[in-house]
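Student: I am new to this structure and would like a close look at a single part of it. Please take me through the charged side chains and how they pair, including across the domain boundary.

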Amino acid sequence: MSETRTAIVTGAARGIGRGVAQRLAADGLQVAVLDLDEAACAETVESITSAGGKAIAVGANVADADSVESAVERVTSELGAPTVLINNAGIIRDNLLFKMTVDDWDAVMGVHLRGAFNMTKAVQKHMTEASFGRIVNLSSTSALGNRGQANYSAAKAGIQGFTKTLAIELGKFGVTANAIAPGFIQTDMTAATAERIGVAFDDFIKFSAEQIPVQRVGQPEDIAHTASFLVSEGAGFVSGQVIYVAGGPKD
Ligand SMILES: NC(=O)c1ccc[n+]([C@@H]2O[C@H](COP(=O)([O-])OP(=O)(O)OC[C@H]3O[C@@H](n4cnc5c(N)ncnc54)[C@H](O)[C@@H]3O)[C@@H](O)[C@H]2O)c1
């Protein structure tokens with residue numbers, strides 16, 4: 001049996017982050033459930049502890065370096081040095097380019113790119129000291145281009161370059177870095193998209209499922225399963241990869 005690892009999952013109060021946090025806890029990791037509002041993390045934490053796992057709620061804004069530093073310090077003292085990091089926190093500010101504001105651009109870059117940078121920078125010393133680390137960054141099929149998402153697709157493509165560079169720089173310390181690029185996953189984020197384009201969420205799901213080879217939309221568990229593999233002890237030779245988890249191939 002290897003030692004108990006501590007994981008930080010950002011944006012874990014709901015959606016994909018919650019699913020990943022629950023799965024890693026079921027796999028035997030201790031999990032810091034990090035999100036903007038500490039109180040909003042309670043439901044995820046409770047679901048983990050009531051199933052016999054160990055988790056704490058941590059309020060932090062990933063876009064803010066000071067907030068991230070103190071969050072990582074808290075995790076280290078309350079759970080132990082984090083050696084698994086899931087950069088999942090995300091927002092959308094969709095609009096066609098001609099209507100997109102600089103604030104829409106900056107907000108999305110701030111959470112996805114600066115957020116992943118801040119978190120990884122704060123956690124990497126614990127990984128290199130332990131000669132073990134697993135970093136999983138959430139990209140998206142939108143990295144390949146998506147109408148109304150100039151900001152988001154640029155951020156998610158940026159995440160892929162960031163991931164590959166981490167893999168190159170940190171590999172010699174026993175640290176792997178990979179990206180998961182989900183397709184349509186049923187969460188509040190896709191519900192917000194349905195609302196923005198004026199379609200009932202059920203219809204949006206049905207229409208989207210028809211376009212997906214496996215004929216269904218994804219669930220947070222689909223991403224959690226992939227994350228579970230990537231952070232596992234046995235996945236140490238898989239690094240710098242982007243895994244599309246989209247119910248079919250993507251270019
Ligand atoms: N749902 C999808 O179809 C889909 C597809 C591809 C990629 N993704 C990506 O997966 C990740 C999770 O998406 P989701 O669908 O679960 O979204 P969601 O909106 O349901 O959850 C995102 C979580 O991130 C948190 N968050 C936002 N800004 C934060 C910040 N600055 N600091 C800390 N936490 C913050 C939110 O509070 C929320 O709990 C995102 O990175 C998203 O871009 C989602």
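Tutor: Asp222 is a place to begin: this residue is partly exposed, with a relative accessible area of 23%. Here buried means under 20% relative accessible area, exposed means over 50%, and partly exposed lies in between (1.4 Å probe, protein chains only). The model is predicted, with local features needing pLDDT of at least 70 and side-chain atom pairs counting only at pLDDT 80 or more, while totals for chains, interfaces and linings use all residues. Residues are numbered from 1 along each chain as its sequence is written, and side-chain values use heavy atoms, with hydrogens and water left out.

The side chain of Asp222 meets that of Arg216 in a salt bridge, at 2.9 Å from N to O. A salt bridge is a side-chain nitrogen of Lys or Arg within 4 Å of a carboxyl oxygen of Asp or Glu. Arg216 is also partly exposed, with a relative accessible area of 41%. Elsewhere, salt bridges that share partners join Glu38, Arg74 and Glu78 into one network.

By this rule the count comes to nine salt bridges. One of them pairs Glu233 with Arg5, at 3.0 Å from N to O. Glu233 lies in the loop between α8 and β7 (242-245) and Arg5 in the segment before β1 (6-10), so the pair ties together parts that are 228 residues apart in sequence. Helices (H or I, at least four residues) and strands (E, at least two) are DSSP runs, numbered from the N terminus. Glu233 is partly exposed at 41% relative accessible area, whereas Arg5 is buried at 12%.

Arg196 and Asp94 form another salt bridge, with 3.5 Å from N to O. This pair also links distant parts of the chain, 102 residues apart: Arg196 is in helix α6 (residues 188-196), and Asp94 is in the loop between β4 (82-87) and α4 (102-130). Arg196 is partly exposed, at 43%, while Asp94 is buried, at 11%.

Lys156 is buried yet has no salt bridge, and Asp94, its nearest side chain of opposite charge, is 11 Å away. For charge, Lys and Arg count as positive and Asp and Glu as negative, with His and the chain ends not counted. Leaving out residues up to four places away in sequence, Lys156 touches His112, Leu138, Ser139, Ser140 and Ala143, where contact means heavy atoms within 4.5 Å.

Now the domain boundary. The chain is divided into domain 1 (6-183 + 220-244) and domain 2 (184-217), with bounds from an automatic or database domain assignment. Their centres, taken over C-alpha atoms, are 23 Å apart. In contact are 13 residues of domain 1 and nine of domain 2. The two domains bury about 900 Å² between them, 60% of it on carbon and sulfur atoms; buried area is the accessible area (1.4 Å probe) that two parts lose on being put together, summed over both.

Across this interface the rule finds three salt bridges. On the side of domain 1 that touches domain 2, the elements giving two or more residues are α1 (15-26) and α8 (220-231). Of these, α8 gives the most, with three residues. Arg14 and Asp188 also meet in a salt bridge, at 3.4 Å from N to O.
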